[in-house]
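I opened this notebook to keep track of what I looked up, entry by entry. Where I use a term, I give its cut-offs once.

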Amino acid sequence: MQFHHHGYVSGDPRIQPAAGVGIDRPEDLPDQVDVLIVGTGPAGMITAAQLSQFPDITTRIVERRGGRLVIGQADGIQARSVETFQAFGFAERITAEAYHITEMAFWKPDPSDPSRIIRGGRAVDDEMGISEFPHLIVNQARVLDYFAEFMANSPSRMKPDYGYEFRGLEVDGEGEYPVAVTLVHTAGQLEGQKRTVRAKYVVGADGARSKVRQSIGCTLAGDQANHAWGVMDVLAVTDFPDIREKCAIQAESGSILLIPREGGHLFRMYVDLGEVAADDNGAVRKTTIEQIIAKANEIMHPYTVEVRNVAWHSVYEVGHRLTDRFDDVLPEQLGTRTPRVFITGDACHTHSAKAGQGMNVSMQDGFNLGWKLGHVLEGRSPESLLSTYSAERQVIAKNLIDFDKEWSTLMAKKPEEFENPAELEDFYVRTAEFPAGFMTQYAPSLLIAEPKHQDLATGFPIGKRFKSAPVVRVCDTNPLQLGHQASADGRWRVYVFADAAPAGAASPVADFAEWLETGPDSPLAATPAGADRDAWFDVKVIYQQDHKNVDINAVPSVFKPEVGPFKLTYLEKVYATDPKADIFDVRGIDRGGVVVVVRPDQYVANILPLTATAELGAFFAPILGARKPETV
C-alpha cells in the first residue's frame, strides 16, 4: 500500500484523500450523472466500487430498500472472488470471519439398510492447488458491507442512495446525458413521488426480475423450472457428525446440500422437495418451514436435526435462463453504435444456487464493466471498449449455465439412478477449477491478443486471470505474492520479466525500459501531462537473480517512477526471484525475457518478447485511441 507520497498520513491509510466529485459530494441524488447503477447487490456494488476510484466521474448507485441488506441469500465465496477481494483490500478481513471449506463429505444410503445414510467418502476442496486463496462461506450482506466501505473510503466518497425504485428509462440520444431514467421515492416525505435523472450510462444490477432488462427489450430464455428446493439458514442441535463440513447427502427420500456458515453454529441446508408438476402454478413455493425441516429429517435418517432458530428460509425452483445480450444494442445495430445501458448479474443469467456461482459470476460481470466505463468516461479509451462487455460476459454466463445444469441434475438424482456410486464425488473433484472461478478465458478481441507468443509464458494463459506466484521485493527484501500487489485502481499492469543480465547491464530489458519510458508509441506516452508516470500503467520488473544480487540503483528509472507532489522515487515495483519457488520456473517463463500485459480486472491480455516494442505499441494504440499522446 502506497501512502505518505503526498505528505504524512497519521490516520487510516485505507481512507484515500477526497478528490474530484468526492469533495463536497452532494447528499441528494443529482439530476445528471455520468453513471447510474440500479441495485446494490454484488454486481452493482463491485461496479460502483471500481468506479469510485475515478474521482472525476459522477457515479451514483440507487436501491429501492431503505438501507443496507441485512440477510443475503448468497453465501459461497469462490477462490477467484477472494482473489478479487484482495484487489479491493479486504480479502484478509473477510477471510478471518468466514467459514473455510477444506473438504466435502458425500453421504449415501447404507447398502445393508438403504433407509439409513452413511458417509461414502470425502474430497479435498482444492486438491490440485488451484489458488493460494481459500473457498469461503460468508453472508452476502457482509460482502456488500466491505464494498460499501471501500467506496466510502475512495476519493469520490461514494455511498448508495437508498429509497429509490427504478420504473423505466428512455435512450433519446439527445445531449450529453442521453438516458432519461424514471425513479420513484420509496420512503420518507417524498414517498411515491417520481423524479427523472439523466445519465450518460446506466447499469442494471437489479436482479432476476430486472426492470432495467425489461426496459431495453431483453428477456431471459432457457429451461423452465422443474425441480424445487427448500433452503434454510438455521441454528439447530443435531447428532449428524459432519454438521460443520460441506456435505452432499443422497438418500432414498431425496437429497440435501449442507453448507456450514460462518460463526461456528449457523448452517444452510438445500432440501430436495422433488419434481414440480407442470400445473403446479407456484404452489410448491407455499411449502412451510416446518415441512422443509420435516423433509430434512426424513432424508437424514438415522440422524435428527432439532431446529432452534430460523434465520432465513425460502423455496425456489431451479431454472436456467440467459439473455442473448448484456446491453441495449440490438443485433441489427451491432457496429453502428455503442451501448448506453448494461445489465449485470442475475438480470442476465439465472441458475441454481447449489454450485455457489451466482454472486461470484455476478461480481466478475461488474468488475469487467466498471473499469471500462471509467476508462471511456475519463477519456483514456474510445467508446468501442464498451462493446466488449456483452461480448465477453455473455459467453461466460452460457458456460456457467451449462455447468450448473449438470451439477444440479446430479444433485437431484436418486441414488439408484447413478451408474457409478462415486459419480457425484468424481464430478466435484474433476470440475473443481470451474466453480473456483478460474476457467474463464476471454477470446481474442480489442482487449485480448492472439496467443502468438504464448509459449514464452505458459503459466499465464492469454485471456485467463493472472495467476500469482512468489517473488521477493528488492527494496525491503520482503517475500510476497506478485499478483497480490495489484489493486482495483483501474490501471493496466505491465509485468516485465527480465532476461538473465544483471540490472544496469546492456540487455534486452534495458532496451525495453528505454523504449517504454521515451518511445512515442509506448503506452506510457498517453499518460496525461501533470499526472504521475504510473497513473495509468503499473509497470513492474522481475529479475532472475535473487534480491541480494539486484543493484536497485542500476534498475532503469521507468521501474522506479517519481510520484506525488514531492516527486518521491517509488521503489516497490522492483522484484527478484524467490529461491524457494522461482517464478520463472513456476509459471513457465522464458529466460530470454517476457512482457506480460494484464488488464485492470486481472486478466492476461498479451504476452510478448522484450524486443516486440512495435507489437506492444500496436496492441495499445486502439485501446488508448480516445486521446493523443502527450509528453509528460
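I take contact to mean heavy atoms within 4.5 Å. The model is a predicted one, where local features need pLDDT of at least 70 and side-chain atom pairs count only at pLDDT 80 or more, while totals for chains, interfaces and linings use all residues. Residues are numbered from 1 along each chain as its sequence is written, and side-chain values use heavy atoms, with hydrogens and water left out.

**Entry: Glu 83**

I looked up Glu 83 and found this residue in helix 2; here helices (H or I, at least four residues) and strands (E, at least two) are DSSP runs, numbered from the N terminus. Glu 83 is buried, at a relative accessible area of 7%, and I use buried for under 20% relative accessible area, exposed for over 50%, and partly exposed for what falls in between (1.4 Å probe, protein chains only). When I left aside the neighbours within four places in sequence, I found Glu 83 in contact with Phe 133, Phe 438, Arg 465 and Gln 602. I also noted His 484, which is 401 residues from Glu 83 in sequence and 8.0 Å from Glu 83 in space, C-alpha to C-alpha.

**Entry: Ile 130**

I then turned to Ile 130, which lies in the loop between strand 6 (113–124) and strand 7 (135–137). With a relative accessible area of 9%, Ile 130 is buried. Between Ile 130 and Lys 467 I noted 9.2 Å in space, C-alpha to C-alpha, against a separation of 337 residues in sequence.

**Entry: helix 4**

Does the span of helix 4 agree or disagree with its number of residues? The expected span of a helix is 1.5 Å times one less than its number of residues, so the 13 residues of helix 4 (residues 140–152) should span 18 Å, and the end C-alpha atoms are 19 Å apart, which agrees. I listed the buried residues of helix 4 as Gln 140, Ala 141, Val 143, Leu 144, Tyr 146, Phe 147, Phe 150 and Met 151. These buried residues pack against several elements, among them helix 1 (42–51), helix 2 (79–87), helix 3 (91–97) and helix 7 (358–378).

**Entry: domains 1 and 3**

The domain bounds come from an automatic or database domain assignment, which gives domain 1 (20–74 + 139–222 + 321–407), domain 2 (100–135 + 226–316) and domain 3 (454–621). The C-alpha centres of domain 1 and domain 3 lie 33 Å apart, and 13 residues of domain 1 are in contact with 11 residues of domain 3. For buried area I take the accessible area (1.4 Å probe) that two parts lose on being put together, summed over both. Between domain 1 and domain 3 this area is about 1000 Å², and carbon and sulfur atoms give 54% of it. On the domain 1 side, Phe 367, Trp 371 and Arg 380 lose the most area to domain 3, together 53% of what that side buries.

How many salt bridges does the rule find across the interface of domain 1 and domain 3? It finds one, where a salt bridge is a side-chain nitrogen of Lys or Arg within 4 Å of a carboxyl oxygen of Asp or Glu. I also noted that Arg 599 forms a salt bridge with Glu 392, with the closest N and O atoms 2.7 Å apart.

Leaving aside neighbours within four places in sequence, I found His 5 in contact with Val 563, Gly 564, Pro 565, Phe 566 and Leu 568. Lys 567 is in the loop between strand 25 (562–563) and strand 26 (568–569), and at 45% relative accessibility Lys 567 counts as partly exposed.

**Entry: backbone angles**

Most residues other than glycine have a negative phi, and most peptide bonds are trans. Lys 567, although not a glycine, has a positive phi of about 55 degrees. Thr 477, also not a glycine, has a positive phi of about 60 degrees, and I found Thr 477 in the loop between strand 21 (470–473) and strand 22 (479–481). A cis peptide bond, with omega about 20 degrees, joins His 301 and Pro 302.

**Entry: cysteines**

I counted zero disulfides in the structure, taking a disulfide as a pair of cysteine sulfur atoms within 2.5 Å. For Cys 348, which is in no disulfide, the nearest cysteine sulfur is that of Cys 218, 8.4 Å away. Cys 348 is buried, with a relative accessible area of 0%, whereas Cys 475 counts as partly exposed at 33% relative accessibility.
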